[in-house]
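Hi everyone, and thanks for having me. I'd like to walk you through one structure today, strand by strand and contact by contact. Here it is on the screen.

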Amino acid sequence: MAIDKPLDFLWFIPSSGDGRYLGSDDLSRPADPGYFREIAKAADRLGYSGVLIPTGAACEESFILAADLAAHTERLKFLVAIRPGTASPAYYARLAATLDRVSNGRLLINIVVGGSAQELAGDGIFLPHDERYDHAGEFFQVFNSLVETGKANLDGKYIKAIDARLGLPPVQEPRPPLYFGGSSDAAIAFSGGITDKYLTWGEPPAQVAEKIAKVRKAAAAQGKNVTFGIRLHFIVRETDEEAWAAADRLISKLSDETIAAAQEVFAKNSDSVGQARMVALHQGRRDKLEVSPNLWAGIGLVRTGAGTALVGSPKTIAERLREYQALGIDTVIASGYPHLEEAYRVSELLFPEIGLPGPHGQIRSSFGERRVFGGGGHGGNVKIASAS
């Protein structure tokens, strides 16, 4: 894949809370709608194309939060979760169509099938791992038919919809794009027939390449095309040394007991193959966290889901991103602790290096030149709290 095309770069809304340290309440920030609006408005100004809003029992409800944030932003898109089984496909079709309409076509849909056994049971989902994907396949037959044509019928094993109707269509045609991530064979088979963009967590390039090849094969077998994105945390500073110091600081208040307890919960409560792959990168040890050049697994010591970060200077991280682009990655869903300040750091330091306009319209080409569009100038007296 050509790597001269700029990445589509999204940020993250930490809808269960935020902070400066992992595994510690020191300088933590509670889940607060006003804070989420600050992050979304900053991302909208700073050049991010969209934001991922997570789902889960500890998070704010993603559709409602996206509707609120859409009213405070202009261009930002919202990657919002649908978990099949928590509501009917007809209900989710109405939610999606309305959110796409009120945001003027800014909805992206994140399909979430897996999760912890405890959380799935709390949501009323009791199907075994592979069978959840069979259920999701029927769910999205109905969902896609409704949002694309306004009607659906299915007499399936899991989903029955008789003369279902959607009165008002979404803005995007034929429907908002579907994003999905899953590492098991069942997940990859599902993704081949449903997904517009397949997402992987930040694994070493060789593992990502293997996964992309499997998804491409599954999609080709069903006559589909799929594009690829990666979910990563970022710790970018002006020098590599500063970045690694910031990574160490992020887990400096994390005790061995906290790590052990978190890893025990991950092993007991999740049947996710992707989660197992994240854990395998560090095996619960804090002494071997650089699992590939500049790919650091420290976040996964206590955080479920995406557990790796790219760490380094803008030039270093740009090199690592180009390696992923060469494999076929065209989208990055990024985050950093805390998310408001790190949104600025990534935009100001990294975006010019990877050909994206940062907050002041500044682009650095691959030959090291700088071009500035518009009047530039920093203006104002805004102070951004330092994470150093």
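Let's begin with two strands that lie side by side: S1 and strand S4 (residues 50-52) pair in the parallel sense over three bridges. In S4, Leu 52 is the bridge partner of Phe 12. Before I go on, please keep in mind that this is a predicted model, in which local features need pLDDT of at least 70 and side-chain atom pairs count only at pLDDT 80 or more, while totals for chains, interfaces and linings use all residues. Residues are numbered from 1 along each chain as its sequence is written, and side-chain values use heavy atoms, with hydrogens and water left out.

Helices (H or I, at least four residues) and strands (E, at least two) are DSSP runs, numbered from the N terminus. Two strands pair if DSSP finds at least two bridges between them. Buried means under 20% relative accessible area, exposed means over 50%, and partly exposed is in between, with a 1.4 Å probe and protein chains only.

Back to S1, which covers residues 8-12. Four of its five residues are buried, so the strand is mostly covered. S1 also pairs in the parallel sense with strand S15 (residues 329-335), over three bridges. There, Asp 8 has Thr 331 as its bridge partner.

While we are in S15, look at Ser 335, which lies in that strand. Is Ser 335 buried or exposed? Ser 335 is buried, with a relative accessible area of 0%. Contact means heavy atoms within 4.5 Å, and, not counting residues up to four places away in sequence, Ser 335 touches Trp 11, Phe 12, Arg 231, Leu 232, His 233 and Phe 234.

Now for strand S6, residues 107-111. Five of its five residues are buried, so S6 is largely enclosed by the rest of the structure. Leu 107, Ile 109 and Ile 111 point one way from the strand, and Leu 108 and Asn 110 point the other way. S6 runs parallel to strand S5 (residues 77-82), with five bridges joining them. In that pairing, Val 80 stands opposite Ile 109. To get from S5 to S6, the chain passes through helix H3 (residues 89-102), and this β-α-β crossover is right-handed. Right-handed here means that, with the strands pointing away from the viewer, the path from the first strand over the helix to the second runs clockwise. S6 is also joined to strand S9 (residues 178-180) by three bridges, again in parallel, and Ile 109 stands opposite Leu 178 there.

Next, a helix. H1 (residues 33-46) has 14 residues and reaches 20 Å from its first C-alpha to its last, close to the 20 Å expected at 1.5 Å a residue. That expected span is 1.5 Å times one less than the number of residues. Among the buried residues of H1 are Tyr 35, Phe 36 and Ile 39. Which elements do the buried residues of H1 pack against? They include S1, S4 and helix H12 (339-350). After H1 comes Gly 47, whose phi is positive, near 105°.

What about the nonpolar core? By that I mean a set of buried Ala, Val, Leu, Ile, Met, Phe, Trp, Tyr and Cys residues joined through side-chain atoms within 4.5 Å. The largest one has 83 residues, and Phe 9, Phe 143, Phe 234 and Leu 321 touch the most other members. Helix H5 (residues 129-149) gives the largest share of this core, eight residues. Apart from it lies another core, of 19 residues, including Leu 22 and Trp 296.

Last topic: salt bridges, where a side-chain nitrogen of Lys or Arg is within 4 Å of a carboxyl oxygen of Asp or Glu. How many does a search of the whole structure find? The search finds 19. In one of them, Arg 29 meets Glu 341, with the closest N and O atoms 2.7 Å apart. Arg 29 lies in strand S3 and Glu 341 in helix H12, so this pair ties together parts that are 312 residues apart in sequence. Both residues, Arg 29 and Glu 341, are buried. Together with Arg 20, they are linked in a network of salt bridges.
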